[in-house]
Amino acid sequence: MPDTGGQVVYILDQVKALEAEMGKRLALAGLENAHPDIVILTRLIPDSHGTSCNERLEPVAGTQYCRILRVPFRDAQGRVLDHWISRFDVWPYLERFTIESSKEILAELGGKPDLLIGNYRQGYIYWESMDKKYHFSCQFTADIIAMNTSDFIITSTYQEIAGHDEMVGQYESYQSFTMPHLYRVVNGIDIYSPKFNIVSPGADSEIYFPFSESSRRLTSLHADLEELLFSPNSKEAMGTLSDPGKPILFSMARLDKVKNLTGLAEWYAGSERLQGLVNLIIVGGVTDPSKTMDREEAVECQKMLDIMNSGRVDGKFRWINAQKNRVRNGELYRFIADRRGAFVQPALYEAFGLTVIEAMTCGLPTFATNRGGPAEIIKHRRSGFHIDPFHGEASANVIADFFEATAKKPDEWDRISKGGLERIFSRYTWEIYANRLMTLNQVYTFWKYISNLEHSEAKRYLEMFYILKMRALIEKMSEHPNKATEDAEEQLKKKEQASA
């Protein structure tokens with residue numbers, strides 16, 4: 001559905017890592033008969049469109065003690081909502097959902113959980129113009145309450161907390177702001193509080209691993225990948241490569257404006273130097289604008305078609321439909337590394353950069369935006385390269401410099417590849433993530449015990465804020481019910497009709 005994206009993958013990878021880390025710690029403590037117990041709480045949807053989201057309990061593949069617990073939304077009369085609704089429209093159901101979920105969790109775990117992990121969503125600066133449809137005022141209010149109620153907060157990168165010289169951090173933006181006619185926040189969150197911590201995730205090590213690990217390679221997929229990348233008869237791609245022996249400059253992302261795939265294609269089209277050194281392959285979106293219901297994707301799709309049809313990249317650029325098989329995508333990174341290629345993440349802004357982690361984990365030299373998380377992941381010219389998405393010509397030259405250097409001195413490709421792997425395995429793995437998160441849980445549990453961090457005054461204020469502001473905003477939603485859900489369902493119906 002429109003809400004999910006990479007978040008579901010993130011959570012499933014997260015619980016696998018946490019189960020493994022918790023198991024190690026229990027064993028070290030000598031608790032042989034104890035085991036981790038992890039529940040992923042989400043909503044039960046009877047109208048499941050053939051999926052398992054109508055099942056109350058479902059085990060998580062690849063784990064022993066993790067399962068998904070689903071609790072339905074109910075309306076004011078207690079009736080179960082049969083259908084999916086957008087995350088922007090969930091607010092009227094959350095208070096009852098929370099009460100019922102608490103009972104379900106207590107029953108499922110046999111007691112209170114030791115750690116609760118929630119997920120934060122970034123806000124939207126032009127909230128008022130979109131509030132009737134997306135109810136951002138409810139989201140901002142919920143965020144303020146959650147931030148101040150939590151014992152500690154983790155982010156993937158520093159810039160999410162405090163930003164940098166040219167951009168305010170996501171949490172920093174909650175320090176003080178005004179929502180006209182609603183309320184003004186004077187000191188919403190203290191970003192200098194020790195409750196903020198950086199704990200970066202990784203990539204699934206079963207899927208993403210170095211190309212040099214030949215015994216683990218999925219060679220049975222190579223014929224399919226060869227066809228995908230080079231066959232002129234592939235139904236999944238546009239454009240042919242007249243010299244398939246050249247290294248591949250590769251990118252994979254959603255086809256929307258912020259991911260800037262059309263910007264990368266334009267840089268390449270405008271650089272004869274880069275075209276002489278590498279072929280460009282972009283994986284993302286659909287190659288026919290009539291086959292998407294997403295307006296932004298349709299616009300970017302047409303831009304890409306215009307570049308392809310301009311004659312500037314004939315025989316050098318191939319555009320492939322979005323690939324959703326993670327296992328095959330992992331081998332795709334390695335397949336391109338075999339050909340001494342490189343990965344590019346050209347986004348105008350990227351909060352973290354999971355594809356950057358995936359590419360580097362596979363040993364693929366990586367060029368990534370300097371706007372956001374990738375600037376922290378990569379050490380420039382040591383484990384990859386920073387590029388500025390707002391200066392395309394300069395970025396194209398950085399990429400061209402690398403390929404010219406590797407043509408003269410192949411060891412340069414190996415140096416960056418190894419530097420990327422060293423950077424990943426020192427900081428960006430799920431094992432490191434789980435270890436740090438469990439350590440923080442122990443630290444803050446002890447700190448809370450000795451310092452009484454749950455100040456009763458703050459708790460009472462937050463409860464008052466919820467009752468006086470949050471409930472009022474939720475009640476106001478009845479004037480504009482489920483607009484985001486109606487739009488999303490209409491898109492889903494059109495997609496199903498197109499598929500049929």
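Mentor: Let's start with a term we need: a strand is a DSSP run of E with at least two residues, and strands are numbered from the N terminus. Please keep in mind that this is a predicted model.

Now go to the loop that runs between β5 (177–179) and β6 (183–185), where you will find His181. This histidine is not a glycine, yet its phi is positive, near 75°. Is His181 buried or exposed? Its relative accessible area is 79%, and the cut-off for exposed is over 50%, so His181 counts as exposed.

You will find His135 in the loop between α3 (127–134) and α4 (136–149). Its relative accessibility is 4%, and buried means under 20%, so His135 is counted as buried. Keep the pair in mind as you turn the model: His181 is exposed, whereas His135 is buried.

Next, step back to the whole protein. Its secondary structure comes to 17 helices and 14 strands. The C-alpha atoms fill a box of roughly 65 × 55 × 45 Å along the principal axes. A compact globule of 500 residues would have a radius of gyration near 23 Å, and the 24 Å of this protein agrees with that. Among contacts with a separation of 6 or more, 70% join residues 24 or more positions apart.

For an example of two helices meeting, look at α2 (residues 91–109) and α16 (residues 456–476). Their axes are 8 Å apart and they pack at an angle of about 130°, which means that α2 is oblique to α16. On the α2 side, Trp91, Pro92 and Glu95 take part, and they meet Tyr466, Met470, Arg471 and Ile474 of α16. Sorted by class, this contact has five nonpolar residues, two charged ones and no polar ones.

Finally, one stretch carries a label from a record. An unreviewed UniProt entry annotates residues 242–414 as "domain: Glycosyl transferase family". In the model, that span is 43% helix and 14% strand, and its end C-alpha atoms lie 26 Å apart.

Methods:
Residues numbered from 1 in each chain as written. Predicted model: local features only at pLDDT ≥ 70, side-chain atom pairs only at ≥ 80, totals over all residues. Heavy atoms only, no water. Axes fitted to C-alpha atoms, helices over the stretch in contact; angles between N-to-C directions. Helix = DSSP H or I, 4+ residues; strand = E, 2+ residues; numbered from the N terminus. Parallel < 35°, antiparallel > 145°, perpendicular 65-115°, else oblique. Contact = heavy atoms within 4.5 Å. Nonpolar A, V, L, I, M, F, W, Y, C, P; charged D, E, K, R; others polar. UniProt positions renumbered as here; feature names shortened; annotations may be inferred. Buried < 20%, exposed > 50% of the residue type's maximum accessible area, 1.4 Å probe, protein only. Rg over C-alpha atoms; globule rule 2.2 N^0.38 Å.
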